[in-house]
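My entries follow the order in which I looked things up.

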Amino acid sequence: MDIKTLLLPQLKMPLFGNTFSPKKTPPRKSASLSNLHTLDRSTREIELGLEYGAPAMIIGGQSLKFEEGQWISESGGSVSGKEVQRLKKRNLQLEEENNLLRLKIDILLDMLSETTAESHLLEKELEEVKNHNRRKK
């Protein structure tokens, strides 16, 4: 037998078979190999120390904590709550006084502009009268 006759039947046979049938893939393992996801929250906090408190920082020797959208002094520091309220009230009074003073300045500037304009008109009239009298002479 020659080599051609031996190889010819193998060439006619399909290499992978007649139909395409992929093998079933094995089920995937879970993403986490630990069993921590099965623990309840309190156990995880104890085991891993995942108890997150409110953000806190120390500035100028005063400890501040962020709660309900505001920074609150934990240590109380040198300023009491009453002092803060008093300062806020004083600040509001000063802002109102500042607004009133700005209004007064605006009114005074308007009055100054008006009197300056009247003064210029009177000076022009006086010059015209003087020039008219000079021409008559």
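Before counting anything, I noted the rule that two strands pair if DSSP finds at least two bridges between them. The model I am reading is predicted.

I began with E1 and asked how many bridges join E1 to strand E2. I found 4 bridges between E1 and E2, the latter covering residues 62–67, and the two strands run antiparallel. Within this pair I located Met57, which stands opposite Leu64 in E2. I then followed the chain through the hairpin of E1 and E2, where 2 residues lie between the strands and Gly60 takes a positive phi near 60°.

Next I turned to E2 and E3, which I found paired in the antiparallel sense, again over 4 bridges. Here I noted that Phe66 stands opposite Trp71 in E3. The hairpin of E2 and E3 also has 2 residues between the strands, and in this hairpin I saw that Glu68 takes a positive phi near 50°.

Putting the pairs together, I read an open sheet of 3 strands in the order E1-E2-E3, with antiparallel pairing. I recorded that E1 (56–59) and E3 (70–73) each have a single partner strand and stand at the edges, so one side of each is left without a neighbour in the sheet. Lastly I looked up the twist, which averages 35° from one strand to the next.

Key
Residues are numbered from 1 along each chain as its sequence is written. This is a predicted model: local features need pLDDT of at least 70, side-chain atom pairs count only at pLDDT 80 or more; totals for chains, interfaces and linings use all residues. Side-chain values use heavy atoms; hydrogens and water are left out. Axes are lines fitted to C-alpha atoms, for helices over the stretch in contact, and angles run from 0 to 180 degrees between N-to-C directions.
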